[in-house]
Amino acid sequence: MYQFPVEGHGMGMVLTGVALYDKFQRTGDLDDITKSISKLRKSVEITPEGHESMAHRLRVLVHSLESRFDVTGDLRDLVEAISVQRKAVELNPDGDADIAMWFHKLGFSLKSLFRRTGDLHALTEAISMHRKAVELTPEGHADIHSWLDLLGFSLVPLLLNTLGSSLESLFQRTGDLNNLNEAISLRRKALELTPEDHADMPSLFQRTGNLTNLTVELTPEDHANMPLQLNFLCSSLESLFQRTGDLNNLNEAISLKRKALELTPQDHADMPMRLSNLGSSLKSLFERTGDLTNLNEAISLKRRALELTPEESADMPLQLNFLGSSLQSLFQRTGDLNNLAEAISIKRKALELTPEGHADMPIRLNNLGSSLLSRFAISIQRKAVELIAEGHASIATWLNNLGYYLELLFERTGDLNNLTEAISAQRKAVALTGEGDVDMPIWLNNLSRTGNLHDLLEAISNQRKAVELTPDGHANMPGFLNNLGSLLESLFKEAISINRKAVEITPNGHAGMPIRLSNLGCSLTSLFECSGDLDNLTEAISKQRKAVKLTSDGHVDMPIWLNNLGSFLENRYTQLRNSSGIPLQAASAALTLDRVDKALEWLEQGRVFFMQVSKGLEAAGSSTRSSWTNMSLSEKSTLAEQARDNLNLARQWENLLEEVRAIPRFESFLKPVPWTTLLQHLPASGPVIIINVDTRRCDAIALLAGQDQPLHIPLPDFSLELCNQYREGLTARLQSFHPRYRGGLAMPASDLESGRGIRPVLLSGKNGETVIQTVLRGLWEKIVQPIFQTLELVVEKSPETTLQRIWWCPTGPLSFLPIHAAGIYGKTGSKSVLDYVISSYIPTVTALTDRVKNSQSIDKEATGLFMTSQPKVDGASHIPGTTTEVRSIYEVVTAGGVRAEKREGAAISAAECLDIMEKYSIVHLACHGSQNAEDPLKSRFLFHDASLELGAIVQRSLKNADLAFLSACETSTGVDLLPDEAVHLAAGMLAAGYQRVVATMWSIGDRDAPAVAKDFYQYLLDHRELTSEAGLDGRFSAHALHHATKQLRLRLDDNSDQSLLTWIPYVHFGY
């Protein structure tokens, strides 16, 4: 246990942390080490810089973090440990006694980071730290450092060896012999500084690879460490054998390992691993000499090691893998399929016992894959080809099979010799087959995977070598890479040409058609990845879909075709994300040519497309496809069955669509909506405004009921650059106030305990205006005012005048800006959008016109309001105001005779909430909300027990859904990756069936949210129809939000940024 000064600055916290660390070392309970880290972090935080105990506290914190990292593999702990050690180095002067060891320890941790991530920068920095440690330690230094008292190492030799080890790692990564030579020199120096009778000497000798026998001679035969020292020596001898090929070194290693086994007690914990190590050396000897006796003994030793390894041991997967590899070698030598079957079975078990995310998972997957590949028995095919007569009728078949298996082996190993032999065999198969032979398409199809490409492959090989030999940053590198890309593209094109020919001459109904279509699709996808031409990917998807359609249910290849199709669709989604601005660019081009009709149509189709793709991928289970290689056979079988079910449903759907579209006047059923259709069901209560933002120009398109043409309104004073500036200014101002999640806000003193408040930060815009005022003025003058003037909406209204509605449909980064609040806000008054219209937003025009066209009637028994609050959620800030909010709403609506139900906190689960939502026409969610930019359907509302995901809501049948009030953050904010797509939570709730949604653009304050909600529902109560006995009419929700926002502005009574950011986030979506 560590010793510390016993006084001052949280020493009790330190002692508790150390005690928990010691307890973890005994029990392995992660809870103990987590609590230890928490205590030690706190002790470091409250310890003044320069305090005598700071170094000790940093040290034990590092030990705790690295101990947890060793168990969990969580890189965050290692990164934090490195950060703590950097701090220790900064706080300790160069003359401090501990500084050399701090540099040494920091270097060691950086090397661990390199081993885990492969980051060469971490390794070079580690070497720098090790050098510093050596420089700060005199050669005559003889002290045993406190950090090493348990190891008994002399400091200077240890530091030299550590530096040498890191330089050797650098050599292995870069191949620079200078690093290896320096490493050897440092290790020799470490040997010179270590007395021959020193306890470290055997260890140091084994590390150098020189004077190796002295390692054993310096250790008494009956010493407990003798087997360990023997194994160290064996390791050096085997490394020497691998470098030189000298069998004497390997034979000596085997001899010493046998001796180590003899000296190891039968019940010793290291016995299984030493048996296995001897087996591995004997397997190496077999691979060199071909003597089967060595391999049989290796297998026998590995079986014994497996028997002695406890089932729950972490070494079990490793031992299984060792035995499986040896059995596979025996199969390759003897051809006995029983050995191969056992190897596959054992390697599968090793894979099942390997946790997901384990560093060895790729190795074990590769090993199992190699065993499975061996089922193709390439050696047997070669023998068959050798033995068959030259003119035999089956020789082309045998040659084709041999080429196919060799090609698979090439894909696994990358060995060009296998590919060259495959090409030779398959060319010969084609040459021996007549032009009209029924098998010719098969041979052509297989040859296309390798192709008539000998010269091209040689060119590619040479070009690859040129790239490998060219240093990064060299002036020739771009040209070399371009040439390599062109050669690879030629490779794909020739393969595609052969694939196409194979498909063309294959008769319809032929059993081989699906595989040839799939191969053509794979080649086209490879060409797309090389060229970026979307036409290639589109054709690949088409070919793969056809392969799926032609494959019968239950066919063994069906999972492969479906897996390929999923991969192609994911490529399509990635392409969509990378080119999400294309509809905006197309609309801009159309508007330049005065084709406002086409601009409208393209914008609508582009914005709708994303949600369709997302739903399609979700329904197909695409989120599980990525883990296909990690699944067990039973899981794969289950997934294949689900895929077949989905495919059957897709086929039925396509057939139904064909039937419907054959009916007169239904030719365009569920096809992209033409612009003329969009004008047929517009609301009579106000215009729809689509705003397109592009690099070349910005424009608005106004749609008005009764007009047969869209109205084009240019916005010459606005630009994409200005839009981004406004967005950045707004974002920076929001971040200065608070993060963008409900409850985790920086608050004014009056709201310190409310959880949702904001506090002012002194920033200023131009002409004395604040940043927010500047943004809102810009939106008013450059966007809203030109639109209002064209539509003649800028007319003074009396208080009694009923304001008309307006629906905003922004695109690109404009989706992040509050158009509904645009205006001029002065100290004594304001002029804004709110004075002239009642604003709503829509993700697409279709989302509005569908609701106008299909007026929804709500079942009487479903009329009512369901509400829930979730004030406490793990991993999120406490928001007690949600409870106040829900209770105040409940009190208002029940007093008005409305059927209502509320559930608070742990009284309801996420799953229960989903069930109850089907029973009510209105739902009010007062909780944390979060969006998922990568997968919008996984955007969610946070409950105490789980998350309520948008994807789950969309899949429900919410036939009575009228209004959703999302009193959470980020519910109407666009997504950075697809800013012009309708992908936020509010749009998702519209897609789920709700007619209208109240949402928030960013965090809302706990202090004001309850009052806004109460005013909102009171307005709905006051304006419900006399015939409505127990319900609320969502059709007045936009008016209700306008009223509630107006009341909030009156209470705030100023136009400061704090006040503006308090009422602006409330927005209305839908009809």
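## Salt bridges

Arg956 and Asp915 form a salt bridge in which the closest N and O atoms are 2.9 Å apart; the term denotes a side-chain nitrogen of Lys or Arg within 4 Å of a carboxyl oxygen of Asp or Glu. Because Arg956 lies in the loop between α37 (950-954) and β14 (963-967) and Asp915 in helix α36 (residues 910-917), the pair ties together parts that are 41 residues apart in sequence. Helices (H or I, at least four residues) and strands (E, at least two) are DSSP runs, numbered from the N terminus. Arg956 is partly exposed, at 26% relative accessible area, and Asp915 is also partly exposed, at 37%; buried means under 20%, exposed over 50%, and partly exposed in between (1.4 Å probe, protein chains only).

A salt bridge also joins Asp1015 and Arg1051 (3.1 Å, N to O). Asp1015 belongs to helix α39 (residues 1009-1022) and Arg1051 to helix α40 (residues 1037-1052), 36 residues apart. Asp1015 is buried, with a relative accessible area of 18%, whereas Arg1051 is partly exposed at 43%. The structure holds 30 salt bridges.

## Basis of the model

The model is predicted: local features need pLDDT of at least 70, side-chain atom pairs count only at pLDDT 80 or more, and totals for chains, interfaces and linings use all residues. Residues are numbered from 1 along each chain as its sequence is written, and side-chain values use heavy atoms, leaving out hydrogens and water.

## Helices α1 and α3

The axes of α1 (residues 11-27) and α3 (residues 54-72) come within 11 Å and cross at roughly 30°, the axes being lines fitted to C-alpha atoms over the stretch in contact, with angles from 0 to 180 degrees between N-to-C directions.
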